Amino acid sequence: MGAVSTAGDRVDRTERTDRTDRVDRTPKQDRSRATRQRLLEAAVSCLAEHGWAGSTVSVVAERAGVSRGAAQHHFPTREDLFTAAVEYVAEERSTALRALFPQGATGDRRAVVTALVDLYTGPLFRAALHLWVAASNEDQLRPRVTELEAHVGRETHRIAVDLLGADESTPGVRETVQGLLDMSRGLGLANLLTDDTARRERVVAQWATLLDETLG
């Protein structure tokens with residue numbers, strides 16, 4: 001006669017099965033997250049280097065080292081991929097910006113201005129610019145990019161206020177902070193065509209002085 005299965009045996013088998021399922025699932029989830037991250041980073045790099053016209057899903061998938069099918073599993077449309085990519089990297093850069101000044105930086109506003117300007121002179125800004133230009137001509141893309149830009153802009157403004165120790169209840173302070181960000185974007189545009197380092201350093205120094213005078 002065979003052994004009788006007891007309730008305890010069944011519980012043990014169930015627990016072993018659950019543990020096995022968790023072990024099998026976790027690496028798959030990790031691989032999925034890693035694939036998604038590679039696609040996002042590759043999308044930003046392609047957009048910065050080749051513009052919207054040259055950045056297809058196939059090109060991004062090849063750069064990320066995944067199949068086109070895997071790319072479309074994560075991002076069903078091209079618009080999904082590129083708006084998610086710019087938002088992802090913007091959030092990463094925001095985290096990195098805060099990490100530069102973990103205790104705040106009200107005593108060194110020039111360092112804050114420099115860090116903010118740097119946000120607009122790297123590949124993220126170049127990628128975002130290509131996305132803006134594409135959105136101006138493509139109705140399907142425009143509302144998504146407009147929403148993304150508003151989100152990124154609000155977050156950057158909030159970080160700038162925190163790092164500068166700005167009190168926006170004081171008249172003119174909010175406009176001063178926004179003017180700093182608008183100026184930074186302008187310097188980023190100028191840097192797309194030529195190396196604007198020398199002039200940028202002078203402008204940064206002047207803005208740091210203005211902020212010290214305005215914010216106290």
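In this predicted model, Leu-131 touches Leu-47, Trp-52, Phe-82, Thr-83, Val-86, Leu-141, Val-145 and Leu-148, leaving aside residues up to four places away in sequence. Leu-131 belongs to the largest nonpolar core, a set of 34 residues, and is listed there with Leu-39, Val-60, Leu-81 and Phe-82 as touching the most other members. Apart from it sits another core, made of 26 residues, including Leu-116, Val-117, Ala-166 and Val-177.

Then there are the charged side chains. The structure holds 10 salt bridges. One of them pairs Arg-98 with Asp-162, at 3.4 Å from N to O. This pair links distant parts of the chain, with Arg-98 in helix H4 and Asp-162 in helix H7, 64 residues apart. Both ends are partly exposed: Arg-98 has a relative accessible area of 32%, and Asp-162 comes in at 43%. Arg-98 and Asp-162 also join Glu-155 and Arg-158 in a network of salt bridges.

Another salt bridge brings Asp-212 and Arg-109 together, at 3.1 Å from N to O. Asp-212 lies in helix H9 (residues 197–215) and Arg-109 in helix H5 (residues 109–119), so this pair ties together parts that are 103 residues apart in sequence.

Glu-168 forms a salt bridge with Arg-174, their closest N and O atoms being 3.4 Å apart. Glu-168 is partly exposed at 30% relative accessibility, and Arg-174 is partly exposed at 45%.

Notes
Residues are numbered from 1 along each chain as its sequence is written. This is a predicted model: local features need pLDDT of at least 70, side-chain atom pairs count only at pLDDT 80 or more; totals for chains, interfaces and linings use all residues. Side-chain values use heavy atoms; hydrogens and water are left out. A nonpolar core is a set of buried Ala, Val, Leu, Ile, Met, Phe, Trp, Tyr and Cys residues joined through side-chain atoms within 4.5 Å. Buried means under 20% relative accessible area, exposed over 50%, partly exposed in between (1.4 Å probe, protein chains only). Contact means heavy atoms within 4.5 Å. A salt bridge is a side-chain nitrogen of Lys or Arg within 4 Å of a carboxyl oxygen of Asp or Glu. Helices (H or I, at least four residues) and strands (E, at least two) are DSSP runs, numbered from the N terminus.
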